[in-house]
Amino acid sequence: MRMVGFGHAAIAVPADWPTNKSQCGTPKQDTLLIDDPSAALFCGAFRPAGVESVELYYGRPRVDFRADEKFQIGGVPAERQRTTCSVSNYPKANTTTCGSTVSIPSLKVWFRADSSTSAAEVDRMLARIAIVPDRTGVPSFQSLRVDLNGPTGSAYAAVLRQVGLKSQIYTLRSPNYPPGEVLKVSPAPGTMLKPGATVAVVVTS
């Protein structure tokens, strides 16, 4: 297993899971989803049976989130939406997918687990969420997008400071983006680092 997260909130996923193995935001194999670029594509895709996935988000939960249960993880208040299952309406697929979301409001982090195996598998995945005091995860910068524009380097640096990380800004000339917009960070979002570690942030000039 490996831990991935944002700030001090993390979840354990199998070490051999790839990242963003999906089509139009729909996982095609067991995968971790962070800033999935295919999620913005509008095309039909169905989830095969027996596929598990975990999504990480930084910021507010999506609009359909409802807190059905309140509890604590490592002493930190958390909220969970009840696990629900539905049958795909994709022609000839007839695959049942179950999912649930856990939000940690004070840390601005939420996790989504989905499974086309069973609701019990969703519960097992979400049970692996933990608060990790001696590590902090690199936050997503894509989650901070507003009106299709990404955050500036200074705005993202402020988020890094909030979770106990430092930033080193590098500039790259690009005619396709407004000046100062974040293009890439390294280590990648979700990577768990020691507090005080430095994240390289590439912004447009």
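Start with a charged pair. The side chains of Arg82 and Asp68 meet in a salt bridge, at 3.8 Å from N to O. The rule here is a side-chain nitrogen of Lys or Arg within 4 Å of a carboxyl oxygen of Asp or Glu. Arg82 sits in the loop between strand S8 (76–80) and S9, and Asp68 in the loop between S6 and strand S7 (69–73), so the pair ties together parts that are 14 residues apart in sequence. Helices (H or I, at least four residues) and strands (E, at least two) are DSSP runs, numbered from the N terminus.

A word on the source. This is a predicted model, where local features need pLDDT of at least 70 and side-chain atom pairs count only at pLDDT 80 or more, while totals for chains, interfaces and linings use all residues. Residues are numbered from 1 along each chain as its sequence is written, and side-chain values use heavy atoms, with hydrogens and water left out.

Back to the pair. Is Arg82 buried or exposed? Arg82 is exposed, at 52% relative accessibility. Asp68 is partly exposed, at 28%. The cut-offs: buried is under 20% relative accessible area, exposed is over 50%, and partly exposed is in between, with a 1.4 Å probe and protein chains only. Arg66 comes in too: Arg66, Asp68 and Arg82 are linked in a network of salt bridges.

How many salt bridges does the rule give? The count is five. Another of them joins the side chains of Arg80 and Asp123, at 2.5 Å from N to O. That pair links distant parts of the chain, with Arg80 in strand S8 and Asp123 in helix H1 (residues 119–126), 43 residues apart. Arg80 is buried, with a relative accessible area of 15%. Asp123 is partly exposed, at 35%.

Stay on H1. The side chains of Arg124 and Glu121 also meet in a salt bridge, at 2.7 Å from N to O. They are three residues apart in helix H1, so about one helical turn separates them. Arg124 is partly exposed, with a relative accessible area of 43%. Glu121 is buried, at 16%.

Now the pockets. The definition runs on a 1 Å grid over the protein atoms alone: a pocket is an open set of points where a 1.4 Å probe fits, with protein on both sides within 12 Å along at least five of seven lines, and lining residues have an atom within 4 Å of a point. Grid points are joined across faces, edges and corners, and a volume is the space filled by probe spheres set on the points.

The largest pocket has a volume of about 790 Å³. Its lining has 32 residues, and Ile34, Asp35, Asp36, Pro37 and Gln142 lie nearest its centre. Strands S1 (2–6), S5 (31–33), S6 (52–58) and S15 (182–186) are the elements that give two or more residues to this lining. Which strand gives the most? S6 does, with four residues. By class, the lining divides into 17 nonpolar, seven polar and eight charged residues. Here Ala, Val, Leu, Ile, Met, Phe, Trp, Tyr, Cys and Pro count as nonpolar, Asp, Glu, Lys and Arg as charged, and the others, Gly among them, as polar.

The second largest pocket has a volume of about 190 Å³. Its lining includes Arg47, Glu55, Arg62 and Asp114. Strands S9 (84–87), S10 (96–104) and S11 (109–115) each supply at least two lining residues. The classes here are two nonpolar, four polar and five charged.

Next, a sheet. Three strands form an open sheet in the order S1-S2-S12, with antiparallel pairing. Two strands pair if DSSP finds at least two bridges between them. S1 and strand S12 (129–131) are the edge strands, each pairing on one side only. Five bridges join S1 to strand S2 (residues 9–13). Val4 stands opposite Ile11 in S2.

Last, the backbone. Most residues other than glycine have a negative phi, and most peptide bonds are trans. Where is the cis bond? A cis peptide bond joins Ser186 and Pro187, with omega about 0 degrees. Pro187 is in the loop between S15 and strand S16 (192–193). Cys24 has a positive phi, near 55 degrees. Cys24 is in the loop between strand S3 (22–23) and strand S4 (26–27), and is buried at 12%. Lys108 also has a positive phi, of about 55 degrees. Lys108 lies in the loop between S10 and S11, and is partly exposed at 42%.
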